[in-house]
Amino acid sequence: FLFCCRWYNKSMTYLIMLAIYVGVLFLVAWTSRRTMGVPTIALAAGALMADLWTNSLTPFVTQTGIVIVSPPLASIVSIVLTLLPALLVMFRSQKASSHYRSIIGSLVFAVLGVMLTYGAFSNAVVLDDASKQYVLEIVKYQNAVVTACILLAIVEVLFYRKPHEHRTHHG
């Protein structure tokens, strides 16, 4: 995805690329048909790991022979470190009990994923003048949005009830 960002930035606006990024994360979460509380919390853990390890791991990745100029390799490492824990636990999470819960959880997951990887994303996609005022609004509310998403994930984990299995009794 990030490799396409540099190619499309000449004909598409920054906001369109941001919307596509949100859409891809939403679709990954929604198609898993899982509850998103634990994966959303894992996004926060991944962001912490990215903050701690991106600078140390990027030279290591470069030494393995991977050379990427655009987007910056550090951006890719940061995004992978943020998203990977969430993707790993996503497929071990419980099945969502309702379509509504799946949509809401996937939306929260996608929004938090974008907000936590926003710095790396903005290094990969050129900000155009038309998008600048909207981006400033997004950044202004970033802390509140991240906090709200994490709180919603915690609430889902605390109050989620497994759907009852319907067993037939033969007697």
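**A helical residue and its surroundings**

Modeller: Leaving aside neighbours within four places in sequence, Ala86 is in contact (heavy atoms within 4.5 Å) with Pro39, Ala42, Leu43 and Phe109. This is a predicted model, in which local features need pLDDT of at least 70 and side-chain atom pairs count only at pLDDT 80 or more, while totals for chains, interfaces and linings use all residues. Residues are numbered from 1 along each chain as its sequence is written, and side-chain values use heavy atoms, with hydrogens and water left out.

Ala86 belongs to helix α4 (residues 73-90); helices are DSSP runs of H or I, at least four residues, and strands are runs of E, at least two, numbered from the N terminus. The C-alpha atoms of Ala86 and Pro39 are 4.5 Å apart, although 47 residues separate the two in sequence.

Thr35 counts as buried because its relative accessibility is 9%. Residues up to four places away in sequence not counted, Thr35 touches Ser93, Gln94, Lys95, Ala96, Glu156 and Tyr160.

Arg33, with a positive phi near 55°, follows α2. Among the buried residues of α2 are Tyr14, Leu18, Tyr21, Leu25 and Ser32.

Notes
Buried < 20%, exposed > 50% of the residue type's maximum accessible area, 1.4 Å probe, protein only.
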